[in-house]
Amino acid sequence: MTANGNGAGDMLGPGIELVAQQKLQPEAKIYSRLQKLGAFYREQFGAEPDFFVRVPGRVNIIGEHVDYCGYSVLPMAVTQSIVLAVGSNPTKHQLQLRNVDQDHFQNFDCDLKNLSFELPLPGGPAWYKYFMCGVRGIEEKLGKKFSPIGMRIAVDGNVPLAAGLSSSSAMVSSSVLATAHVQGMQLDRKELASISAKCEQYIGTHSGGMDQAIAYLGREGCAHHIEFHPKLNGTPVTLPSGKCFVVANSLAQKNKAASSDYNERVVECRLATRWLARNKNLSNWQDIIRFIDLEEACGMDNETFENLIKDKLTKWVYTRADICQEWGITEQELETKFLTANTQHMQEFKLRQRALHVIQESGRVAKFRKICEQLAQRGSVQDVKQLGQLMRQSHESLRELYECSHPDVERLIAISEKQNVSARVTGAGWGGCIVAMCDSQEAAAAYIKALKRDYYAQLPPHLLERHQPNDFNEVVFDTLPGNGAELFVQ
Ligand code: NG1
């Protein structure tokens, strides 16, 4: 193994990048946080942890609700992360999980020899289920080679929950990395990302792989263009120099796993794909569920695809009867074959709007990356303006066509507009955070000040109280691209 010099991992040949084991140095930014976590571990278990894991949250700069349709995205890892202290358990096969936030996250113990997994209950799954998804992912990957080695784990997370910054994936991915290491697996970043994306689906959301991919592939100093097709690939993208990205949390929480909104959109996209595939006389139309596969099967470019949608999906709302009639199926078949467990209630489907959003948004991602690359060669004010426009168009599309904004998010966007800052909702939406692009560090400071004054200081008293002493620095902050998953030993 040779160090690749960026601190993000070791290279083992083309395409393979390992999560390297690093010695925890006192000068590391994470040092004091891991020391505190180590102390908590000792207090809980009376022993030293063997290693630490850090997995970041992410902010998506552009490319929303396209990953599960096979299209690429452009996120970056943020500073906020989940950290784990991990040690072996003298009580064989036992997993013991302790969260430093003992007031909010109950302890969890289980026997790894009898791993069972129940689907989430209404109200959202308990926190430790995200962790168990990761253990299950590695168990499935290793099959018979999985050995139920007991683990004692202390967890500390500072990624805001249910805010579109991917706290759930950071937890699942950290569990995958810790378990894989305990099982002695080779820790290839892309493979770990794929395992994490697959096993997070046990939570019940049919998500794409964006969050898990950037959680592993993130690299200090650059965003990443993450492609999922034909296989997972990440290309570092240098963001325009001087630009500063700000994240602002609307504080409207959205737990995707506790509602059906996210899966409803996934279902609508899958139905729209099949509708168009059938229209194109593809005999395997029922099996084509991602727009990107249809695009490939028909050899279409982005513009041709958009025209196809406009031509063939002419209604604003499709009913169950419309779909059943077109495909010659019964309502029962529609439910069993085409809807997911938590979307059985759906009566109407907005196929045109969802399809248009996905195809246009995928075009915006490609443009955004191209402009960033041009700017790295030779900057022009016009190019930078276009980036801002793409972010604004993305938000408008998410609000109008995808209907995943929230009144509080809209208030943040309106304040941003007033400050002449381009901003958009980031992550799944229906609340959560916006990401904004500011012209400089100074412009970002002025923008943050305006948000604190016009949004955060106006919050209702019960929310204001939670953010004592009301500096709001945890909910609105500028952010630089950080490294993906890391593994430390003392
Ligand atoms: P967040 O915002 O982390 O809930 C979700 C999905 C992503 C992607 C975005 C929308 C999960 C774990 N992640 O992200 O894959 O589809 O929404 O772009 O569900």
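This report describes the overall build of one protein chain and two annotated stretches within it.

The model is predicted: local features need pLDDT of at least 70, side-chain atom pairs count only at pLDDT 80 or more, and totals for chains, interfaces and linings use all residues. Residues are numbered from 1 along each chain as its sequence is written, and side-chain values use heavy atoms, without hydrogens and water.

The protein chain holds 15 helices and 18 strands. These are DSSP runs, numbered from the N terminus: helices are H or I with at least four residues, strands are E with at least two.

The C-alpha trace spans about 65 × 55 × 50 Å along its principal axes. The radius of gyration of the protein chain is 23 Å, which agrees with the value near 23 Å for a compact globule of 490 residues. That radius is taken over C-alpha atoms, and the globule rule is 2.2 Å times the number of residues to the power 0.38.

Of the 490 residues, 57% count as buried, meaning under 20% relative accessible area (1.4 Å probe, protein chains only).

UniProt, in an unreviewed entry, places "domain: Galactokinase N-terminal" at residues 40-87. Its annotation "domain: GHMP kinase C-terminal", also from an unreviewed entry, covers residues 382-456. Such annotations may be inferred rather than shown by experiment.

| Stretch | Helix | Strand | End C-alpha atoms apart |
|---|---|---|---|
| Residues 40-87 | 12% helix | 54% strand | 13 Å |
| Residues 382-456 | 60% helix | 13% strand | 33 Å |

Notes
Buried < 20%, exposed > 50% of the residue type's maximum accessible area, 1.4 Å probe, protein only.
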